Every structure is written in C-alpha cells, then in structure tokens.
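Thanks for coming, everyone. I have one structure to walk through, and I will keep it short.

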Amino acid sequence: MAGGLTDEQLQRYHRDGFLHLPGVFSLDEVKAIQRECARLQGIPEMADPRNLRTVTRRTTAGGMIVDRLDPVADLSEVFQSVVRDPRLLAVAESVLGSPSCLFKDKLIFKNPGAFGYGAHQDYTVWRGLGVPATGLLSILLAVDAANAANGAVRFYPGLHSDHHCEAELEDIFGPASGITPAEVLARSEGVVPELQPGDVVVFHSLCPHDSDPNHTAESRRSCFITYSDATYGDLREAYYQAFREMMKADRAAAGQTDWFFR
Ligand SMILES: O=C(O)CCC(=O)C(=O)O
C-alpha cells in the first residue's frame, strides 16, 4: 500500500469510479482516531452551529444537529497525520498520476438519526476551480464500521465519465442542490461497501454517491480527504476562504446574525 495501488486495483478504480481498500489503517491506529473524534466532539465550540467550521443536519426525530467539522486537519495533530499519511498519499499519487496537494478534509459524525445525503457528484461544487474532474480525488476513511443500517455511503459504479449537473448551484447547502438526476442513476446499480474501521474508499470526483439516514443508536463517523493534482497548484486556502464566505451568506439568509471560526 505504501507503494500505491496495483495495476489491478487501478483498473477497478477506473472501471467503477471508486475502490474499496480494506484494512489500510490498523485497529490501534483507528482507535486513536476514534478517541480524537470523541475529544473534538466534546469541545463546546465544535458543537456550536455558529462556528463556521460546523455544518448542521436534520435528524429523523425532527431536530438539527452538528454533523460535520470542515476542515478538521488544522484542529488536530491526529488528523494532521491522517491527511499526510504516506499510504493515502501513495494512493492519491497512483490515481492522479502526479504528486498531490491536500485540498479539503472533513469529519462527518453521522450521529444517530442524522439524515443522509441525496445522490451527487462532488465535482459540482468544485467545477469553478479550474481543475479537471480527474485532478481531484477523495478518500473516505471509515472511523466506525459503516453499513446499510447506519447510513454508509452508496456509490454508483461506472457513472464517473460525465458531469450530470447542468444547472448553476443556487445554494450549495440546500438539500436539493446538485442532485444527480434519477434517470442517470438508473443506468447503474448503487453499491454500499460494508466498511470496517480503518477501511478506505477511494472515489472519483464525478462518482455519484448518496447515503441513507443513520437508523442505529451509534454514530457512523467518517473522515473524507480530497487531494488535488499538484500541477494545478495549492488550491486549499483560496477554496476555504470562498467556502466560508458562502457559509456566512447561507447563515445570514437563514437569519443568523453572529458567527465565528475556531
Ligand atoms: O457521510 C455521508 O453519509 C455522505 C457524505 C457525502 O456524500 C459528502 O459529504 O459528499
């Protein structure tokens, strides 16, 4: 793994648009990551929806909860090591065909009852960056086991050659925003890889994916890390600046008057 993907794995990645790699992180490594998630979740500012690092989500019980920290690596030495892990960098380099830059990282808690996500292609929100879809690659690291019951991510194989989003995005945070049309999804059959803690799924920025609510009593935490082809330069700082401006506008539109970033 430190040497990246084998030819056979790369072929499967290119065929499907995603690839499940079991056991990339050991149980001991993942236990340290789980402890770090609990520590972060216990910091009051990280559960405060005014924090521009947090994103809230509806729950099946009708409430709202903080569902993610975006970004997370700048908060934590543990996640700093995850995003720089040589095994992940080698996978990114295999797929991108060049060295990579860290573009984005987020920790999704998917607490009990948290709603899922409609089918989308991540590239929809990244298309203005001046990077082709093949120059952006995401890696999902399973912090907890993920399965159909707790809202694991479903991937639609073979649909990563085209971008299926004609309309401009009005509101990137809205639930109906950037949804992949049903007639496109009907050309594939969604696959929900059952993940163990420490497993990884590598996926193309055009691979449509969605998820169901977490119907269990435990969180389904996952870290999503996106690398960009270094040929296009380091995009992270400019991206997050623009992202935070969009968040402020979104919150102002919802009537929120104060926020902070910590
Ligand atoms: O964690 C999930 O259930 C899905 C998250 C997702 O699709 C995304 O953040 O793009």
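A word on the basis. This is a predicted model, so local features need pLDDT of at least 70, side-chain atom pairs count only at pLDDT 80 or more, and totals for chains, interfaces and linings use all residues. Residues are numbered from 1 along each chain as its sequence is written, and side-chain values use heavy atoms, with hydrogens and water left out.

Start with the ligand. Which residues come nearest to the ligand? Of the 13 around it, they are Lys106, Lys110, His120, Ser211 and Arg220. Here, near means that a heavy atom of the residue lies within 4 Å. The shell divides into four nonpolar, four polar and five charged residues. In that scheme Ala, Val, Leu, Ile, Met, Phe, Trp, Tyr, Cys and Pro are nonpolar, Asp, Glu, Lys and Arg are charged, and the others, Gly among them, are polar.

Three strands each supply at least two shell residues: strand 4 (100–108), strand 5 (117–120) and strand 9 (209–211). Helices (H or I, at least four residues) and strands (E, at least two) are DSSP runs, numbered from the N terminus.

Now the polar side-chain atoms. His209 has one 3.3 Å from a ligand oxygen. His120 has one 2.8 Å from a ligand oxygen. For Ser211, a side-chain N or O atom is 2.6 Å from an oxygen of the ligand. Taken alone, the ligand exposes 290 Å², and the protein buries 98% of that. The areas come from the Shrake-Rupley method with a 1.4 Å probe; for residues, only the protein chains shown count as cover.

Next, helix 7, residues 236–253. Its buried residues are Arg236, Tyr239, Tyr240, Phe243, Arg244, Met247 and Arg251. Buried means under 20% relative accessible area, exposed over 50%, partly exposed in between (1.4 Å probe, protein chains only). Turned away from the buried side are the exposed residues Ala238, Gln241 and Ala253.

Last, two single residues. Ser222 sits in strand 10 (residues 222–229). Is Ser222 buried or exposed? Buried, at a relative accessible area of 2%. Asp67 belongs to strand 3 (residues 64–69). Asp67 is buried as well, at 1%. From Asp67 to Leu102 is 35 residues in sequence and 22 Å in space, C-alpha to C-alpha.

Terms used. A polar contact is a pair of N or O atoms within 3.5 Å; within protein, one must be able to donate a hydrogen and the other to accept it, and residues adjacent in sequence count only if both atoms are side-chain atoms.
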